[in-house]
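Welcome! Let us walk through this structure together, asking at each step what lies behind the words used for it.

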Amino acid sequence: MARELDKKEFNTIFWRSFTLLGSFNYERMEGLGFLYAILPSLKRIYKDDVEGLKEAEHRHMEAFNMTVAPSPFVMGLTVAMEEQAKEDPSFDKGTINALKVSLMGPLSGIGDTFFWGIFRVLACSLGASFALQGNILGPIILLLVFNIPNFLTRYYGLKIGYGRGAGFLDELTSSGKMNLFTYCAGIVGMASVGCLTASWIGISSPLVLNIAGNEIIIQEYLDQLCPQVLSLAAVLIVLRLLKNKVSTMKITIGIIVIAFVLGTLGIIA
Amino acid sequence: MSLIQAILVGCVAALTQLEGDWLGECKLREPVITGFLVGLIMGDVTKGLMIGGALQLMWMGATNIGPSSGLDIGAGGTIGAAVALMTGSDLEVAVAFAIPVAVIMQMLNIMKMTAFSTLMHQVDAAIDEGNEKKAIFIHYLCGFFTFSIYFLFTFIVLYFGSNVINSIVESIPDWAMNGLGAIATVLPAMGFALLLNLLWDVKLVPYFIVGFVAAAYLGVDMVGVCAIAVAIALIMFEIKSVQLNAVPAAAIGAEKDEWEDD
């Protein structure tokens, strides 16, 4: 039987979790936001132990950083562990932070794949295609497509995190389901990026060469080679640079300068 | 631009930050949203949406993952759309303003996040004093400070800078317009490469090809490609699940054999 948080406390953590990035900084990152979200629970757990409460508050002021949508899962987990720590004096409180830190990487990885790689891309491309026609459905669809998964992940994350705790993650990881899940999400993500590359960059060349009286339209030859070949090439070149750890700032500036020059010269459009 | 319009557009810029800070990254910062809101304020919703949509494509892959974020698309999109609507110009002008603003505001953001680090020691002290209210106050103060910067920056640029903006827009030569248009065309490549990098797994490359070919050769749109990809993902999930379930059983079988050999 899964444990459940008191309705009021659940709602408090749920809504407070939305402010996680509110005081983001380079030293503790989302630390203060995390503490703020679970503060009412800590106060309940340590209501008769002033020193214990301070200790716990300091514990959750430590650096924490994670994609925001899955973070309520960690909050639920943390509250459950703090309860355990209070009941059982032999419980090593260090494990609470160790677990938090150990979840930062994997949950952010999955969170980024789903929220930045899939939901945002899908929401924004649907939203943009309506908006380009001046259709007011654009912003509405964008918000719905992104936020329905966003809310559900937060809600069930918190519920499962508290109720079933670390066991749930262990089960998923050890059975290999977690990897499989990420892999299958990656299929949808990669296919969407492939589609975006083909349909929404649209680099073309207006160059027309005049050789011995014959007009040679460069773009026609490029299209015969492969439609959208310039867009594909641009994406693959940037990917190559990213893999070689060139900073995104340098690449962005490089693109702006090169594109501006080529555009001005009429080589690309 | 009237005083009230400048104030309202300033609020939109602040909202793009409020979204990340207090509203759980619910995507109000995306150019489609800011373009719509700015259009509403400036009295031309259709054009606002269209410019927003075009900026959205340009920044489709602008992913702010972790502290190593690249561009502030919230403020950039808001000011870009506002300038285009204010001067009655097209996408090129929006791009000419959106990009510099996105870069400048991101630098400001980095300074802000560094400055907030020092406040965290105040929180530590507050905890020692048992003063949780102060800790919470600091948490909200950071957000409030951010909104104020964004509001003031946008308001001042648009309200007091409108003459300067107008003269800049008028003096942009045609050849530069082509260059700006080219930037808007090429910049999505950066974003899509970032997304590819995020999702990268050599085993997933075939699906990138499927998506590309479906769109480039067959003209399938985004929803169609996603539907195909979801179907493939479900099939792969089924196949791999069977394999996963089979592996432990085989392992147990192998173990048994060893026992029997003993």
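Q: What are the domains of chain A, and how far apart are their centres?
A: This is a predicted model, and in it chain A is divided into domain 1, residues 7-193, and domain 2, residues 203-265. Taken over C-alpha atoms, the centres of domain 1 of chain A and domain 2 of chain A are separated by 40 Å.

Q: Which domains does chain B have, and how far apart do their centres lie?
A: Chain B is divided into domain 1, covering 3-188, and domain 2, covering 205-261. The C-alpha centres of domain 1 of chain B and domain 2 of chain B lie 41 Å apart.

Q: How many residues does each chain bring to the contact between them?
A: Chain B gives 92 residues, and chain A gives 92 residues. On the side of chain B that touches chain A, helices supplying at least two residues each include H1 (3-22), H5 (91-128) and H10 (222-261) of chain B. The largest share of that side, 21 residues, comes from H8(B).

Q: What kinds of residue make up the side of chain B that touches chain A?
A: That side divides into 61 nonpolar, 22 polar and nine charged residues.

Q: Why are E1 and E2 of chain A called paired strands?
A: Pairing asks for at least two bridges between two strands. Four bridges join strand E1 (residues 208-211) of chain A to strand E2 (residues 214-217) of chain A, so the two count as paired. The strands run antiparallel, and the bridge partner of A:Leu209 in E2(A) is A:Ile216.

Q: What do E1(A) and E2(A) form, and which residue in the turn has a positive phi?
A: They form a hairpin with two residues between them, and A:Ala212 in the turn has a positive phi of about 50°.

Q: Why is A:Met29 called buried?
A: A residue is buried if 20 or more other C-beta atoms lie within 10 Å of its own. A:Met29 has 24 other C-beta atoms within 10 Å, so the word buried applies. A:Met29 lies in the loop between helix H1 (7-16) and helix H2 (31-45) of chain A.

Q: What makes the phi of A:Met29 worth a look?
A: Phi of A:Met29 is near 55°, a positive value in a residue other than glycine. Most residues other than glycine have a negative phi.

Q: Is B:Glu25 buried or exposed, and how do you know?
A: B:Glu25 has 22 other C-beta atoms within 10 Å, and the cut-off for buried is 20 or more, so B:Glu25 is buried. B:Glu25 is placed in the loop between H1 and H2 of chain B. Phi of B:Glu25 is near 50°, a positive value in a residue other than glycine.

Q: How do you know whether B:Leu28 is buried or exposed?
A: B:Leu28 has 20 other C-beta atoms within 10 Å, and 20 or more is what the term asks for, so B:Leu28 is buried. B:Leu28 is found in the loop between H1 and H2 of chain B. Leaving aside neighbours within four places in sequence, the residues in contact with B:Leu28 are B:Leu15, B:Thr16, B:Glu19, B:Leu23 and B:Ile33.

Q: Why is B:Tyr140 called partly exposed?
A: Buried needs 20 or more other C-beta atoms within 10 Å, exposed needs 12 or fewer, and partly exposed is in between. B:Tyr140 has 15, so B:Tyr140 is partly exposed. B:Tyr140 lies in helix H6 of chain B.

Q: Which residues have the most contacts inside the largest nonpolar core?
A: They are B:Ala82, B:Ala94, B:Val95 and B:Ala189, in a core of 151 residues. Leaving aside neighbours within four places in sequence, B:Val95 is in contact with B:Met58, B:Gly80, B:Leu180, B:Ile183 and B:Ala184.

Q: Where in chain B is confidence lowest, and where is it highest?
A: Confidence is lowest in H10(B), at a mean pLDDT of 74, and highest in H2(B), at 96. Over residues 252-262 of chain B the pLDDT is below 50, and this stretch has zero contacts in the model beyond near neighbours in sequence. The mean pLDDT of chain B is 87.

Q: What are the mean pLDDT of chain A and the ipTM of the complex?
A: Chain A averages a pLDDT of 88, with 99% of the residues scoring at least 70. The predictor gives the complex an ipTM of 0.85.

Key:
Residues are numbered from 1 along each chain as its sequence is written. Chains are lettered from A and ligands numbered from 1 in the order in which they are written. This is a predicted model: local features need pLDDT of at least 70, side-chain atom pairs count only at pLDDT 80 or more; totals for chains, interfaces and linings use all residues. Two residues are in contact if their C-beta atoms, placed from the backbone, lie within 7 Å. Ala, Val, Leu, Ile, Met, Phe, Trp, Tyr, Cys and Pro count as nonpolar, Asp, Glu, Lys and Arg as charged, and the others, Gly among them, as polar. A nonpolar core is a set of buried Ala, Val, Leu, Ile, Met, Phe, Trp, Tyr and Cys residues joined through C-beta atoms within 7 Å. Domain bounds come from an automatic or database domain assignment. pLDDT is the predictor's confidence in each residue, from 0 to 100.
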